[in-house]
Number of protein chains: 2
Amino acid sequence: MTGYAPAEAARRSGFSLDTLRYYEKIGLLADVSRTSGGQRIFTDDDLGWLVLFRCLRDTGMPIAQMCRYAQLAREGEHTADERRELLKRHAVRVEEQMRLLQRQYDHLREKIRFYEQLPGSGSESG
Amino acid sequence: MTGYAPAEAARRSGFSLDTLRYYEKIGLLADVSRTSGGQRIFTDDDLGWLVLFRCLRDTGMPIAQMCRYAQLAREGEHTADERRELLKRHAVRVEEQMRLLQRQYDHLREKIRFYEQLPGSGSESG
DNA sequence: TTCCAACCTGGAGTGCGCTCCAGGTCAACC
DNA sequence: GGTTGACCTGGAGCGCACTCCAGGTTGGAA
């Protein structure tokens, strides 16, 4: 079992050191092992969790919900259904988010095209 | 020139009344006209701006940057190039955001598929 | 063994974008 | 003229997700 120093875990996960400590403090990341002197050692398993958290954060899941998910996972196998449903509901929200983003991106492109077609006078709104 | 009461402008723009007042306070929305008694009347032009702000907010532009854009627009025609470039740079960031979102969405779907294929034991990370 | 960069803790502070509040005013209708 | 609901102001407060800090400890290299 490879172990990673805090700085290395931060580098690999893309979270800052402070964020890793924060995630542990709020109970999102649990049972991070330590040296005899008290310094953290992150395992590949911890890194796996961090990759998941990165995915969920990037797709806009609130931290409270990630905590719920992590808590369920800690409770064991029998929560697998609930975890799956949690992820599926999140996926639906992400799909909506993607559609909205695409739609507003199209508006933005149209606005830009307007600027590019127009070497003369502009509209008032924008 | 049609005028809209604050509540109607809020409804049409999707921003709350407080947000409309806030946008005016920070100078994002300027020169909103008033009744003799001091109550706001939003014009179609104001609404046009609000639609643009909605687009920019939904695509993640910080308010400070929207203020910059609005300021440029107020300065007149000669800032059109700069405004266009501002929007184009933003569009690039939105494209990156869309790619990231798609990528993380794919990870999420994969995770869900994992749960669905698996009526037995699960992995540690997630 | 000494050094010093990396690490530790608890807790305060930050930035963003609103959101809420108290206390008062306006205006449309009865 | 009275009522009532929408509106006004300045300013405080909030929720989120970190981020920073002071003051102290650890541990690997020279």
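Helix α5 (residues 80-117) of chain A packs against helix α3 (residues 44-58) of chain B at an angle of about 125°, and their axes are 9 Å apart. The model is predicted: local features need pLDDT of at least 70, and side-chain atom pairs count only at pLDDT 80 or more, while totals for chains, interfaces and linings use all residues. Side-chain values use heavy atoms, with hydrogens and water left out; residues are numbered from 1 along each chain as its sequence is written, and chains are lettered from A and ligands numbered from 1 in the order in which they are written.

- Helices (H or I, at least four residues) and strands (E, at least two) are DSSP runs, numbered from the N terminus.
- Axes are lines fitted to C-alpha atoms, for helices over the stretch in contact, and angles run from 0 to 180 degrees between N-to-C directions.
- α5(A) and α3(B) are therefore oblique to each other. Angles under 35 degrees count as roughly parallel, over 145 as roughly antiparallel, 65 to 115 as roughly perpendicular and the rest as oblique.
- The two helices, α5(A) and α3(B), cross in a left-handed sense. A crossing is left-handed if the near helix is turned anticlockwise from the far one by less than a right angle, and right-handed if clockwise.
- On the α5(A) side the contact (heavy atoms within 4.5 Å) involves Leu100(A), Leu101(A), Gln104(A), His107(A), Leu108(A) and Lys111(A). Their partners in α3(B) are Leu52(B), Arg54(B), Cys55(B), Leu56(B) and Asp58(B).
- Sorted by class, the contact of α5(A) with α3(B) holds six nonpolar, two polar and three charged residues. Ala, Val, Leu, Ile, Met, Phe, Trp, Tyr, Cys and Pro count as nonpolar, Asp, Glu, Lys and Arg as charged, and the others, Gly among them, as polar.

**α5(A) with α5(B)**

- α5(A) also packs with helix α5 (residues 80-117) of chain B, at an angle of about 160° and with the axes 9 Å apart.
- That angle makes α5(A) roughly antiparallel to α5(B).
- The crossing of α5(A) and α5(B) is left-handed.
- The contact of α5(A) with α5(B) comprises 20 nonpolar, six polar and 14 charged residues.

**α1(B) with α3(B)**

- Within chain B, the axes of α1(B) and α3(B) cross at roughly 40° and come within 10 Å.
- α1(B) is therefore oblique to α3(B).
- The crossing of α1(B) and α3(B) is right-handed.
- Ala9(B), Arg12(B) and Ser13(B) of α1(B) make the contact with Leu47(B), Leu50(B) and Arg54(B) of α3(B).
- Three nonpolar, one polar and two charged residues form the contact of α1(B) with α3(B).

**DNA strand D**

- There are 21 residues around DNA strand D, and Tyr23(A), Thr35(A), Arg21(B), Gln39(B) and Arg40(B) come nearest. A residue is near a molecule or strand if one of its heavy atoms lies within 4 Å of it.
- Sugar or phosphate accounts for 81% of the atoms of DNA strand D within 4 Å of the protein, and bases for the rest.
- A polar side-chain atom of Arg57(A) is 3.1 Å from a phosphate oxygen of DNA strand D.
- Sugar or linking oxygens of DNA strand D lie 3.1 Å from an N or O atom in the side chain of Gln39(A) and 3.4 Å from a polar side-chain atom of Gln39(B).
- Two or more residues of the surface near DNA strand D come from each of α2 (17-25) of chain A, and α1 (6-13) and α2 (17-25) of chain B. The largest share, four residues, is from α2(A).
- The surface near DNA strand D has eight nonpolar, seven polar and six charged residues.

**DNA strand C**

- Of the 21 residues around DNA strand C, those that come nearest are Arg21(A), Gln39(A), Arg40(A), Tyr23(B) and Thr35(B).
- Among the atoms of DNA strand C within 4 Å of the protein, 78% belong to sugar or phosphate and the rest to bases.
- Phosphate oxygens of DNA strand C lie 2.7 Å from a polar side-chain atom of Arg21(A) and 3.1 Å from an N or O atom in the side chain of Arg34(A).
- α2(B) gives the most to the surface near DNA strand C, with four residues.

Note on methods. Polar contact = N/O pair within 3.5 Å; in protein donor to acceptor, adjacent residues only side chain to side chain.
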